Amino acid sequence: VPIGLQLPDDDPFADAKQQLVDAYGLPLDHFLVKGTLCTKLLATLRILVMTEVDVLSTFAALESNDHVDLRSKLFSSENEELVLSTLMATLQVLFAGYETTAEEDDALLCSATIDDVARMAIVYRRGQKVILKSALDEVVRLQSQLKA
């Protein structure tokens, strides 16, 4: 499932965050796969939701060669909470964009009246929903782990 991220136009630190995204070699366009959340997606989100203090301290760390690994390490618990809530909201919007549920897709697939092209489209759409559900479940797991 493709997921494109962007810096909000009204973010006063958008240019600085873009510089950090570039410095870490992170993309704004990502793909979700079943069973895992890409570390690059999480790292990019960690930058995109940074506060002014987070941005300044990350630049300071980069300038002093004290590289912060945003892929495997939480920046701060507050930042991670915002990352997960932002990702949850994004996934819910993507999920809501489908006109049918997985159960309705299953019923359509059992129908003998659909042609092969429609069947393939439904299988693809259902697969997208499975991936989104898996990502939502992983976000919930990470949120409860963060609160523990």
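I start with a pair of helices: α4 passes α6 in a left-handed crossing. Before I go further, please keep in mind that this is a predicted model.

Helix α4 covers residues 77-96 and helix α6 covers residues 116-147. Their axes come within 10 Å and cross at roughly 155°.

On the α4 side they are S77, E80, E81, L84, S85, L87, M88, L91, Q92, L94 and F95. On the α6 side they are K129, L132, K133, A135, L136, V139, V140, L142, Q143 and L146. Sorted by class, this contact of α4 with α6 has 13 nonpolar, 4 polar and 4 charged residues.

I stay with helix α6 for one further residue, S134. Is S134 buried or exposed? Its relative accessible area is 17%, and the limit for a buried residue is under 20%, so S134 is buried. Setting aside neighbours within four places in sequence, S134 is in contact with K34 and G35.

I now turn to T44, which is found in helix α2, residues 39-48. T44 counts as buried because its relative accessibility is 0%. Which backbone oxygen atoms lie by the polar side-chain atoms of T44? One is the backbone oxygen of P27, 3.1 Å from a polar atom of the T44 side chain. Another is the backbone oxygen of K40, at 2.8 Å from a polar atom of that side chain. Apart from its neighbours within four places in sequence, T44 is in contact with L5, L26, P27, L28 and H30.

With a relative accessible area of 53%, G4 is exposed, whereas T44 counts as buried. Not counting residues up to four places away in sequence, G4 touches L28 and D29. How far apart are G4 and D29 in sequence and in space? They are separated by 25 residues in sequence, and their C-alpha atoms are 4.3 Å apart.

Thank you for your attention.

Terms used. Residues numbered from 1 in each chain as written. Predicted model: local features only at pLDDT ≥ 70, side-chain atom pairs only at ≥ 80, totals over all residues. Heavy atoms only, no water. Helix = DSSP H or I, 4+ residues; strand = E, 2+ residues; numbered from the N terminus. Buried < 20%, exposed > 50% of the residue type's maximum accessible area, 1.4 Å probe, protein only. Polar contact = N/O pair within 3.5 Å; in protein donor to acceptor, adjacent residues only side chain to side chain. Contact = heavy atoms within 4.5 Å. Axes fitted to C-alpha atoms, helices over the stretch in contact; angles between N-to-C directions. Left-handed = near helix turned anticlockwise from the far one by under 90°. Nonpolar A, V, L, I, M, F, W, Y, C, P; charged D, E, K, R; others polar.
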